[in-house]
Amino acid sequence: MSSDDLVIAAVDGSDHSLKALDWALAAAQFRGTEVLAVHVGSGDTAAPATVHPASVSPAFDRDLVRRRISEHIDGRTGLPPLSYTAVNGPVAGTLAEVAQNATLLVLGSRGLGGFRSLLLGSVGRKSAAHAPCPVVIVPGDDRAAEPVPPGGHGLVVLGVEPDETDDDVVEFAFAEAQRRGARLQTVSTFLVPLTALAVVGELAVVDTNDPEAPSAISELGDLQATRLEPFRARYPDVAVQPVVRAVDPAGQLVDASVNADLVVVGRHRRRLRADTMVMGSVTNAVVAHAHGPVAIVPPGERAE
């Protein structure tokens, strides 16, 4: 199987990274592909070693992270092939390099060492801003609003700006919904003047009494429908649930994340410097506050 088929999970032995590994294993099952668990740290670089349950051995006791992975999957059946490697270097840059030909890079919300406070720290932001493939950030159980039902929620949520969202972002969301047999909720919001926004915490609430809101919502709904028409034609089995509202986009997507298996957002296309960590204000807010996994999809690149 080529490296293009790999789902990569960043692991460091923490509970948060093991939850991300679980998400990566499920994603690989949907895709019929393999998982590579990557630990970035200092010390001697370990050669890749298979850690599929059928191949677990006492040799893993020599490596804490590999042992944690082995213990985590011990006794589980029906898992996709899983391999492990340890590499040295700056965490975010090394992950981006390893993920050059990957289909997904999956990160936990927090971890040990370089992964501490990942969602709000430089590692998570750099990985999401620069990885060549879609990045999925999986928050810990403390961020979950309610337990995930068996089999998931059956819902993928896409944040879409009809005039801005890249085709690869939309394609990724439709393909993910089709793989999961899930509904696709497509969220577009009516942008209002800053004076109409009231800030609550770090999110904004829109004054829905704005007299221009009804006509703007209708126009935005038409734009969304036109934008999604070719994707709906290519994915006729995906049930699409359009949502067009006069609300703050980040707040709407965060609310939707409570009952979503995945929220899909795009990465900002224009960056002033190659090393900037700007992903776009809405994407940044969703990543910081979402209750479930968030996929950040780069523009103009491979999205599946």
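The model is a prediction, in which local features require pLDDT of at least 70 and side-chain atom pairs count only at pLDDT 80 or more, whereas totals for chains, interfaces and linings use all residues. Residues are numbered from 1 along each chain as its sequence is written, and side-chain values use heavy atoms, with hydrogens and water left out.

Aromatic pairing was assigned to rings of Phe, Tyr and Trp (its six-membered ring) with centres within 6.5 Å, planes under 30 degrees apart being counted as stacked, those over 60 as edge-to-face and the rest as tilted. By this rule, two aromatic pairs are counted. Phe174 and Phe231 make up a stacked pair, with a centre-to-centre distance of 5.9 Å and 25 degrees between the planes. Because Phe174 belongs to helix H5 (residues 167-180) and Phe231 to helix H6 (residues 213-234), this pair ties together parts that are 57 residues apart in sequence; helices (H or I, at least four residues) and strands (E, at least two) are DSSP runs numbered from the N terminus. Phe174 has a relative accessible area of 0% and is buried, and Phe231 also counts as buried, at 3% relative accessibility, where buried denotes under 20% relative accessible area, exposed over 50% and partly exposed the range in between (1.4 Å probe, protein chains only). The rings of Phe174 and Tyr235 have centres 5.7 Å apart and planes at 35 degrees, so this pair is tilted. Since Phe174 lies in helix H5 and Tyr235 in the loop between H6 and strand E11 (240-245), the pair ties together parts that are 61 residues apart in sequence. Phe174 and Tyr235 are both buried, and Phe174, Phe231 and Tyr235 form one aromatic cluster.

The axes of helix H7 (residues 249-256) and helix H8 (residues 281-289) come within 9 Å and cross at roughly 30 degrees, the axes being lines fitted to C-alpha atoms, for helices over the stretch in contact, with angles running from 0 to 180 degrees between N-to-C directions. On the H7 side the contact (heavy atoms within 4.5 Å) is made by Pro249, Ala250, Leu253 and Val254, and on the H8 side by Val282, Ala285, Val286 and His289. By class, the contact of H7 with H8 contains seven nonpolar, one polar and no charged residues, with Ala, Val, Leu, Ile, Met, Phe, Trp, Tyr, Cys and Pro taken as nonpolar, Asp, Glu, Lys and Arg as charged, and the others, Gly among them, as polar. Helix H7 is mostly covered, seven of its eight residues being buried. Val282, in helix H8, counts as partly exposed at 25% relative accessibility, and, not counting residues up to four places away in sequence, Val282 touches Pro249, Ala250 and Leu253. The C-alpha atoms of Val282 and Gly251, which are 31 residues apart along the chain, are separated by 8.8 Å.

In helix H1 (residues 15-31), Ser17 is buried, with a relative accessible area of 4%, and the side chain of Ser17 reaches the backbone oxygen of Ser14 at 3.0 Å. Leu21, also placed in helix H1, is buried at a relative accessible area of 0%. Not counting residues up to four places away in sequence, Leu21 touches Ala9, Val11, Val35, Ala37, Ile69 and Leu82.

Methods. A polar contact is a pair of N or O atoms within 3.5 Å; within protein, one must be able to donate a hydrogen and the other to accept it, and residues adjacent in sequence count only if both atoms are side-chain atoms.
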